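Let's take a walk through this model together, one piece at a time. Keep the sequence and the 3D view side by side as you read.

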Amino acid sequence: MNAATDFMDIAFKLAFIGIVMAQIMSMIRLVIGPSVGDRILALDTMVVNAIGLVVLLGIAQGTQIYFEATLIVAMLGFVSTVAYARFVLRGDIIE
Amino acid sequence: MSFEIIGTYLVGICLLIGAGFALVGTIGLLKFNDSMTRLHAPTKVGTIGIGALLLASMIHSYVVGEGSLHELLIMAFLFVTAPISANFIAKVNIHKQSCDTPPPPPRDDTWSTLNVPEADRELAVEPTPQP
């Protein structure tokens with residue numbers, strides 16, 4: 001059990017570092033992205049990575065209360081991506 | 001090898017797979033050099049990356065104590081909504097002309113997202129090229 005727990009701790013730290021690096025790199029694409037589509041895509045990727053961070057936090061604390069937060073972040077991310085793309089396409093969100 | 005030990009190893013492996021795919025997808029987002037190819041890379045983050053992390057969360061809840069399958073809801077929601085947002089972003093890329101001109105369609109004379117109805121032809125605004 002001890003070796004398994006050690007392996008999970010190391011994997012947990014590596015996963016945190018990986019997701020944070022992914023978040024930083026999509027933020028770079030958000031800043032330098034030459035067109036509007038790239039910026040929308042970078043924001044979508046950042047929302048997905050934020051979902052991953054919240055899930056990792058829930059595993060770290062061993063609780064189930066982050067499930068609702070993850071679901072709300074997922075829904076808000078989808079709606080905001082569609083709203084941004086629709087605003088760029090049509091000049092209006094609800095017409 | 002009891003259930004707890006196997007479950008703990010599985011949690012670690014799923015965490016590594018998820019973080020690795022998230023990292024690879026975001027490197028692709030950063031390194032590709034066209035808007036449409038950049039659209040292809042982060043789909044790995046949304047499907048396998050988050051899917052493996054949520055699988056790790058489920059297995060961890062079964063190892064620790066009371067199990068829960070709530071994460072399947074998030075996984076289903078993400079898998080359903082990912083193609084819709086990708087379709088919208090591809091439409092933005094086509095209309096903003098930030099990709100190459102789409103190839104000629106096989107049957108019609110234009111792609112349906114670029115098709116303007118006959119009555120609205122004079123109202124249609126010319127798309128401004130990106131600087």
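Residues 65-89 of chain A are 96% helix and 0% strand, with end C-alpha atoms 38 Å apart. Helices here are DSSP runs of H or I with at least four residues, strands are runs of E with at least two, and both are numbered from the N terminus. This is a predicted model, where local features need pLDDT of at least 70, side-chain atom pairs count only at pLDDT 80 or more, and totals for chains, interfaces and linings use all residues. Residues are numbered from 1 along each chain as its sequence is written, while chains are lettered from A and ligands numbered from 1 in the order in which they are written.

Where does that stretch come from? The UniProt record, an unreviewed entry, lists residues 12-32, 39-59 and 65-89 of chain A under "transmembrane region". UniProt positions follow the numbering used here, feature names are shortened, and annotations may be inferred rather than shown by experiment. Another of those stretches, residues 39-59 of chain A, is 100% helix and 0% strand, and its end C-alpha atoms lie 30 Å apart.

**Helix α3 of chain A**

How far should helix α3 of chain A span? With 25 residues (66-90) at 1.5 Å a residue, α3(A) should span 36 Å, and its end C-alpha atoms are 36 Å apart, which agrees. The expected span is 1.5 Å times one less than the number of residues.

Buried residues of α3(A) are A:F67, A:T70, A:A74, A:G77, A:T81, A:Y84 and A:A85. "Buried" is a matter of counting: 20 or more other C-beta atoms within 10 Å of a residue's own make it buried, 12 or fewer make it exposed, and anything in between is partly exposed, with C-beta atoms placed from the backbone. The cover over these buried residues includes α2 (36-61) of chain A and α4 (71-95) of chain B.

**Where the chains meet**

Now for the two chains together. In chain A, 47 residues are in contact with 51 residues of chain B; a contact means that two C-beta atoms, placed from the backbone, lie within 7 Å. On the chain A side, α1 (2-32), α2 and α3 each supply at least two of the touching residues. By class, that side has 30 nonpolar, 13 polar and four charged residues. Here Ala, Val, Leu, Ile, Met, Phe, Trp, Tyr, Cys and Pro count as nonpolar, Asp, Glu, Lys and Arg as charged, and the others, Gly among them, as polar. For the complex, the predictor gives an ipTM of 0.89 and a pTM of 0.85.

Which residues does A:M25 touch? Leaving out residues up to four places away in sequence, A:M25 touches B:T26, B:I27 and B:L30.

| Residue | C-beta neighbours inside 10 Å | Class |
|---|---|---|
| A:M25 | 23 neighbours | buried |
| A:A11 | 22 neighbours | buried |
| B:I48 | 17 neighbours | partly exposed |

**The nonpolar cores**

A nonpolar core is a set of buried Ala, Val, Leu, Ile, Met, Phe, Trp, Tyr and Cys residues joined through C-beta atoms within 7 Å. The largest one has 32 residues, and those with the most contacts inside it are A:A15, B:C14, B:L15, B:A22, B:I50, B:L53 and B:A56. At least two residues of this core come from each of α1 and α2 of chain A and α1, α3 (43-64) and α4 of chain B. Apart from it lies another core of twelve residues, including A:V36, A:L41, B:L39 and B:F88.

**Chain B**

Chain B has four helices and zero strands. Of its 131 residues, 31% count as buried. B:I48 sits in helix α3 of chain B, and its C-alpha atom is separated by 13 Å from that of B:L72, 24 residues apart along the chain.

How confident is the predictor? Chain B averages a pLDDT of 83, and 84% of the residues score at least 70, where pLDDT is the predictor's confidence in each residue, from 0 to 100. Among the elements of chain B, helix α1 (residues 3-31) has the highest mean pLDDT (92) and helix α2 (residues 35-40) the lowest (87).
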